[in-house]
Amino acid sequence: MMGIAEAFGRYVQGALDGNPPLEGDYLDEEGLLVCGKCHTRRQAVIDFPPAPNGKMLVPVICDCRKAAEQAEAEEKQRLKDMEVIQKLKKQSLMDSRLEEASFDTFKVVKHNERQFRICKRYADAFDEMLARNQGLLLFGGVGTGKTFAAACIANHLLGRRVPVIMTSFIRLLDSMQSFREEDGILIGRLNRARLLIIDDLGAERGTDFALEKVYSIIDSRYRAKLPIILTTNMSYEDMKKNADIRYARIYDRIFESCYPLQFSGLSWRKGEAVRRYEEMTSFLEGRNEV
């Protein structure tokens, strides 16, 4: 029966045979194989008492091979990360037009410089925001960039492999009504995300059914100590002064856990329309012709 020492010796010899000298390799003054590229050893001598002389020659990885293997491992991990991120994005429920939104493409002007800074800071410090159960309430006029800013946060975190869901109350309520899912099942799915972003608060119908579901979703995040980001076209004052108890308890819960951030200025949609109109007027009327 083969002893442990003999078995180990055969294993090492197999490893040596599997790593023969390559072009440019050479032996150093101690007779050990050295890589001809990075000039670090590809062999070493270790203490091995069972051997006749108490020593054994073993293969080792030279610096350039080590760097190549590390680069290969990092590339495999990068591809694995990308697969995870793509999977998270598919699960995020985000509108396809917002999938490429990023802080790098965020158009910063005087009207939104503060908003950009706060949203970027929130995304960068999300671990702390999660620990504090701190959300955001992005409010302001139509087309002022609230949804885009929220999508920038979502994509920033998805890029870090943080599970994020971004959707709207209208889509959630349609799902509840169409599939008759129990609230607990849907809310459980939403609460798997570290961050829930819901667009266009207030656009849903003001029925008792809808408002009860909206409250349930927001309250569940609060009780689970998971942050939520909401966007709305409503003003902060209208939400604060709403006398309808059905709305008041929703807004009270939001104000408890979400930092209010107003978006103002010219609607980006209107501004883009004006720019395109002026550009085409100049072109069609031949103003640029000499």
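Which residues line the largest cavity? Keep that question open while you load the model, which is a predicted one.

**Stop 1: the cavity**

Select Asn133, Gly135, Ile218, Arg221, Tyr222, Leu226, Pro227, Ile228 and Ser257. These residues line the largest cavity. The space inside is about 40 Å³. A search of the whole structure finds one cavity of 30 Å³ or more. Now color the lining by class. Five of its residues are nonpolar, three are polar and one is charged. Next, color by element. Helix α8, residues 208-223, gives the largest share of the lining, with three residues.

**Stop 2: α8 against α10**

Look at the handedness next: α8 and α10 cross in a left-handed way.

Then select the contact residues. On the α8 side, pick Asp208, Leu211, Glu212, Val214, Tyr215, Ile218, Asp219, Tyr222 and Arg223. On the α10 side, pick Arg246, Tyr247, Arg249, Ile250, Arg253, Ile254, Glu256 and Ser257. By class, this contact holds eight nonpolar residues, one polar and eight charged.

Which residues tie this stop to the previous one? Ile218, Tyr222 and Ser257 belong to the cavity lining, and Ile218 and Tyr222 of α8 and Ser257 of α10 also take part in the helix contact.

**Stop 3: α3 against α5**

Clear the selection. Select helix α3, residues 113-124, and helix α5, residues 146-158. What angle do they make? They pack at about 25°, and their axes are 9 Å apart. That angle makes α3 roughly parallel to α5. Here the crossing is right-handed, whereas that of α8 and α10 is left-handed.

Show the side chains where the helices meet. From α3, take Cys119, Lys120, Tyr122, Ala123 and Asp124. From α5, take Ala149, Ile153, His156 and Leu157. Color by class once more. The contact of α3 with α5 has six nonpolar residues, one polar and two charged.

**Last view**

α3 with α5 is a right-handed crossing; α8 with α10 is a left-handed one. Finish by returning to the cavity, whose lining includes Asn133, Gly135 and Arg221.

Note on methods. Residues numbered from 1 in each chain as written. Predicted model: local features only at pLDDT ≥ 70, side-chain atom pairs only at ≥ 80, totals over all residues. Heavy atoms only, no water. Axes fitted to C-alpha atoms, helices over the stretch in contact; angles between N-to-C directions. Helix = DSSP H or I, 4+ residues; strand = E, 2+ residues; numbered from the N terminus. Parallel < 35°, antiparallel > 145°, perpendicular 65-115°, else oblique. Left-handed = near helix turned anticlockwise from the far one by under 90°. Contact = heavy atoms within 4.5 Å. Nonpolar A, V, L, I, M, F, W, Y, C, P; charged D, E, K, R; others polar. 1 Å grid on protein atoms, 1.4 Å probe; cavity = no way out; pocket = protein on both sides within 12 Å on 5 of 7 lines; lining within 4 Å. Points joined across faces, edges and corners; volume = space filled by probe spheres on them.
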